[in-house]
Amino acid sequence: MITALLPLPVVLPLFGAGLALAMGRSARAQRVVSLVVLGTTTLITAVLVAQVHTEGPLAMRVGGWPADIGISLVADRLSVLMLLVSTVVSLCVLVYSLGQGMIEYGSNTPLSVYHPTYLVLVAGVSNAFLSGDLFNLYVGFEILLVASYVLLTLGGTGARIRAGTVYVTVSLISSVIFLAAIALVYAATGTVNMAQLGGRLAELPDAVALVLQLMLLIGFAIKAAVFPLSAWLPDSYPTAPAPVTAVFAGLLTKVGIYAIIRLQTLLFPDSPLSGLLMWTALFTMIIGVLGAVAQSDIKRVLSFTLVSHIGYMVFGIALGSEAGMSSAIFYVAHHITIQTTLFLVAGLIDRLGGSTSLDHLGRLAQRAPLLAVLFFIPAMNLAGIPPFSGFLGKLGLLQAGVDDGSWLAYVLVAGGVVASLLTLYAMAKVWNRAFWQPPNAVGEPPEDPVDPVVSEPVPVAARTGAPTGATASSALEGGRPESAPGSVRTRTDLHDKPMPDTFSLTRRSRLAMTLPAAVLVVLSTALTVVAGPLFHFTDEAARDLREPSSYVETVLGEGNHE
Amino acid sequence: MTDMSVNILLTVVVGALFASGVYLVLERSLTRILVGVLLISNGVNVLFLVASGPAGRSPLLGRNAPEDISDPLPQALVLTAIVITLGVSAFMLAMAYRSWQLNRHDDAQDDVEDALIRRRAERDEASASYDDSAGGTLDEEGSDTSDNGEDSADTGALTGNGPDSLRKGI
């Protein structure tokens, strides 16, 4: 009976998307539909979590076809945990975007396509997490990717088209590689059902299995932005609107990580490829965070830390041990919430300071103490300062690395610590320059006077509103290297955003934007409090992954292993 | 259905489609990338046909004996893939057209910020975000500004735009 709930996290958002599209004329109706649909989905997911935790994996054959022909939806502990975190996060981001929509477009938003696309994105993510066969996983990927193409190029401005070109091309390549791999898997085994594949792939000659594994791995690694294949991410994410970037950063790369976890545990449990994965994890961690250190725009800093922290998850997967896998799953849950929170806060900074460029920001802690707190807590959490969940997740990974005992694992432990320190450095830089120090360009509007359209909808008052004392003090300091008008044009400055009528935040929309960010900060901090039970849960999830027999039996039925 | 022979002609076709597709994807123009992606997608579709084994009768139960029919599952998968490719191609065409509207070309452009950082690295110069409160005299500041002027011009040349059109376009 409870299995009837399984397709709902996919079907409900899709249904809601259709409804919202039909109601395109009424922004209010769209909002209600999106909120109700996502709220219901979250509740259903919570029920699924409780059910799966007590009763074990659930499976459903859509349409009643046998498992090897039809589509199976499967929920085990890993799936439902990912599902719960992703729906909660997408609900928060939705509320945030409602608040931002009220500011950016007025109450009557012309972008009637936003809500349907957003719901389709959620449906795609849920489908990927619940899918029990490779081809349905591909379909889930495509649903969420196509929705993400639309969201990334929302409004069709120059910067977004430029970013979208790269993003769409790279995503298409990864999808094609994935699809070709599915064709070859089918040719080799005659099935695409993951539960069946686990047994049949093991019977293949090693070389054939390795080729299939590598093809799938490359396809997933592009989506997850693992190092040599990560260059597209910091290039494309920062241009999108803040809520879109937030939900992308939280969810899309993690779907890739989820797929890699399934690949390494269910499909190819005997071929861990530890060496390869550990090296890529190391490079992802270090090179990603070095990119973050070099940037001067908050959104870009965050995009690079996102790449860097993907490395931690790959590290956990590469270890292959139960502890490593459990920590990796914990880290995914932690990182979804934390990265989304930080991007939402970056959106708030953009709204309040008029820019996300560190060259233009300053003294935000004085002007907006609440915002400073909202940034500081997740930033420290991301860097892994005790007692936050980031620390606990990293600790788990490092312990698993030490337990592994190989020299490469020790190298990765060291690399993880270094990446964590450099993350702290990047976050401290953002904190100092945006929240602590006086703004760089005081007294002169940083907008390019040539073209008023592309300049930020920033109140001059907001920037010059920083006390005149700042002017005096910077004059005393003998002139720091300032950014002259039109000199260092960061990408965010070049946005041509829809101009708000006035810059004054209405109380309601400010609440609608701040509240979700605050809720996510509280949630991510709460992950620390519930870390014990959560680690218990991920331990069991990792045990399930290492012993997939219950998964296989649930999908294929008792005594029907082949 | 235990015939393991593979249709060599189809395999060669897959290879040719992939090769020409990859060549086109490496181009800068989005339209050519799209054509390349379409070729590769069709290559994958043919690959599915290869994967489905030897050709047989149409998979209609009741009309043909189950031993004679070809494997219907890859055909279902290919149909899904074709629909997805159709949707994505429509979106890419719209994007290429929008890019042409804005920039009069549909080239994939370099990241503006990356280009700036690369140029700074070539000249071994600290970025404006580098907080050097000890140094930084007025003279240095002046020279910094003129360098930055060059920067945006360089980036413009790089992306095939004048600095002004770059600023307007982005």
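Me: What do the side chains of E322(A) and R543(A) meet in?

Reply: Side chains of opposite charge can pair when their charged atoms come close. The side chains of E322(A) and R543(A) form a salt bridge, with N and O 3.2 Å apart. E322(A) belongs to helix α13 (residues 322-353) of chain A and R543(A) to helix α22 (residues 531-546), so the pair ties together parts that are 221 residues apart in sequence. Please keep in mind that this is a predicted model.

Me: How many salt bridges does a search of the whole structure find?

Reply: Over all chains, the search finds six salt bridges. One of them joins the side chains of D76(A) and R262(A), with 2.7 Å from N to O. D76(A) lies in the loop between β2 (71-75) and α3 (77-104) of chain A, while R262(A) lies in helix α10 (residues 242-267), so this pair ties together parts 186 residues apart in sequence. Both D76(A) and R262(A) are buried.

Me: Which residue forms a salt bridge with D235(A), and where do the two lie?

Reply: The partner of D235(A) is R162(A), and their closest N and O atoms are 3.4 Å apart. D235(A) is in helix α9 (residues 232-236) of chain A and R162(A) in helix α6 (residues 158-189), so the pair ties together parts 73 residues apart in sequence. Both residues, D235(A) and R162(A), are buried.

Me: Which residues are linked in a network of salt bridges?

Reply: A network of salt bridges links R77(A), E540(A) and D544(A).

Me: In which helix is Y410(A) found, and which residues does Y410(A) touch?

Reply: The steps can be repeated here. Y410(A) is part of helix α17 (residues 407-436) of chain A. At 43% relative accessibility, Y410(A) counts as partly exposed. Once residues up to four places away in sequence are set aside, Y410(A) touches V402(A) and G405(A). The C-alpha atoms of Y410(A) and L398(A), which are 12 residues apart along the chain, are separated by 8.7 Å.

Me: Which residues make a nonpolar surface patch of about 350 Å²?

Reply: V11(A), F15(A), L19(A) and M23(A) make this patch. M23(A) lies in the loop between α1 (8-22) and α2 (27-55) of chain A. With a relative accessible area of 32%, M23(A) is partly exposed.

Me: How many helices and strands do the two chains have?

Reply: Chain A has 23 helices and two strands. Chain B has six helices and zero strands, and its pattern along the sequence is α-α-α-α-α-α.

Me: What share of the residues is buried in each chain?

Reply: In chain A, buried residues make up 65% of the 562 residues. In chain B, 39% of the 170 residues count as buried. Chain A exposes about 18,000 Å², with 69% supplied by carbon and sulfur atoms. The accessible surface of chain B is about 9,400 Å², of which 61% belongs to carbon and sulfur atoms.

Me: What percentage of the contacts joins residues at least 24 apart in chain A?

Reply: Among contacts in chain A between residues at least 6 apart in sequence, the share is 82%. In chain B, residues 24 or more positions apart account for 56% of the contacts with a separation of 6 or more.

Me: At what angle do helix α5 of chain A and helix α3 of chain B pack?

Reply: Helix α5 (residues 134-152) of chain A packs against helix α3 (residues 72-103) of chain B at an angle of about 10°, and their axes are 11 Å apart. This makes α5(A) roughly parallel to α3(B). From α5(A), the residues making the contact include F135(A), Y138(A) and V139(A), and from α3(B) they include L77(B), T80(B) and A81(B).

Technical notes: Residues numbered from 1 in each chain as written. Chains lettered and ligands numbered in written order. Predicted model: local features only at pLDDT ≥ 70, side-chain atom pairs only at ≥ 80, totals over all residues. Heavy atoms only, no water. Patch = residues over 30% accessible without salt bridge, like charges linked within 9 Å, V, L, I, M, F, W, Y side chains within 5 Å. Areas by Shrake-Rupley, 256 points an atom, 1.4 Å probe, with all protein chains shown as cover. Salt bridge = Lys/Arg side-chain N within 4 Å of Asp/Glu carboxyl O. Helix = DSSP H or I, 4+ residues; strand = E, 2+ residues; numbered from the N terminus. Buried < 20%, exposed > 50% of the residue type's maximum accessible area, 1.4 Å probe, protein only. Contact = heavy atoms within 4.5 Å. Axes fitted to C-alpha atoms, helices over the stretch in contact; angles between N-to-C directions. Parallel < 35°, antiparallel > 145°, perpendicular 65-115°, else oblique.
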